[in-house]
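Here is a friendly briefing to read alongside the structure. Keep the 3D view open as you go through the points.

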Amino acid sequence: MNRITILAVGASALLLLYILEMVRRRKLREEYSILWLAGSIVILVLSIMRGWLEWISRAAGIAYPPSFLFLVGMFFILLILIHFSIAISKLHQMNKKIAQDLAIL
């Protein structure tokens with residue numbers, strides 16, 4: 001294994017362990033950890049299975065396979081941002097409704 005593979009496996013394994021620890025300590029709710037866990041598992045699998053990474057990156061037209069790992073990471077971060085935006089919008093609507101109900105009282 002070369003240095004970039006070891007770095008990618010180590011970083012994705014540390015991320016996975018950190019997320020599991022945050023859920024265990026109740027600092028991260030399970031509903032929010034699903035996307036984090038999925039993203040770190042996908043990156044970990046692609047880091048370990050170098051052949052899969054090279055095949056997928058070639059199919060996507062990316063010349064340097066480890067760059068595909070960063071693309072996958074950015075994709076999962078985008079999904080997490082969308083998920084949080086939906087949660088914030090829902091909380092905003094609930095807050096507005098509670099304020100209106102309180103004003104009526």
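Phe76 is found in helix H4; helices (H or I, at least four residues) and strands (E, at least two) are DSSP runs, numbered from the N terminus. With a relative accessible area of 13%, Phe76 is buried; buried means under 20% relative accessible area, exposed over 50%, and partly exposed in between, with a 1.4 Å probe and protein chains only. This is a predicted model, in which local features need pLDDT of at least 70 and side-chain atom pairs count only at pLDDT 80 or more, while totals for chains, interfaces and linings use all residues. Residues are numbered from 1 along each chain as its sequence is written, and side-chain values use heavy atoms, with hydrogens and water left out.

**Phe76 and its surroundings**

- Apart from neighbours within four places in sequence, Phe76 is in contact with Leu35, Ala38, Gly39 and Val42, where contact means heavy atoms within 4.5 Å.
- Trp36 lies 40 residues from Phe76 along the chain, and their C-alpha atoms are separated by 7.6 Å.
- Between Phe76 and Leu15, which are 61 residues apart along the chain, the C-alpha separation is 13 Å.

**The nonpolar core**

- Which residues form the largest nonpolar core? There are eight of them: Ala8, Ile43, Leu46, Leu53, Phe68, Leu69, Val72 and Phe76.
- Two elements give two or more residues to this core, namely helix H2 (30-48) and helix H4 (65-104).
- H4 supplies the largest share of this core, with four residues.
- As for the term, a nonpolar core is a set of buried Ala, Val, Leu, Ile, Met, Phe, Trp, Tyr and Cys residues joined through side-chain atoms within 4.5 Å.
- As background, nonpolar side chains in soluble globular proteins tend to be buried together.

- Thr5 sits in helix H1 (residues 3-24), and Thr5 is buried, with a relative accessible area of 8%.
- Beyond neighbours within four places in sequence, Thr5 is in contact with Ser47 and Arg50.
- Leu16 is also found in helix H1, and at 16% relative accessibility Leu16 counts as buried.
- Leaving out neighbours within four places in sequence, the contacts of Leu16 are Leu37, Ser40, Ile41 and Leu44.
- Of these, Ile41 is 25 residues from Leu16 in sequence and 7.1 Å from Leu16 in space, C-alpha to C-alpha.
- The backbone at Arg26 deserves a look: phi is near 65 degrees, a positive value in a residue other than glycine.

- Trp36 has its place in helix H2 and counts as partly exposed, at 30% relative accessibility.
- Leu91 belongs to helix H4, and Leu91 is exposed, with a relative accessible area of 52%.
- From Leu91 to Leu15 there are 76 residues in sequence and 28 Å in space, C-alpha to C-alpha.

**The chain as a whole**

- The secondary structure of the chain comes to four helices and zero strands, and read along the sequence the pattern is α-α-α-α.
- The radius of gyration of the chain is 19 Å, well over the 13 Å that the globule rule gives for 105 residues, so the chain is more spread out than a compact globule.
- That radius is taken over C-alpha atoms, and the globule rule is 2.2 Å times the number of residues to the power 0.38.
- Along its principal axes, the C-alpha trace spans about 65 × 35 × 15 Å.
- Buried residues make up 25% of the 105 residues in the chain.
- Looking at contacts between residues at least 6 apart in sequence, 56% join residues at least 24 apart.
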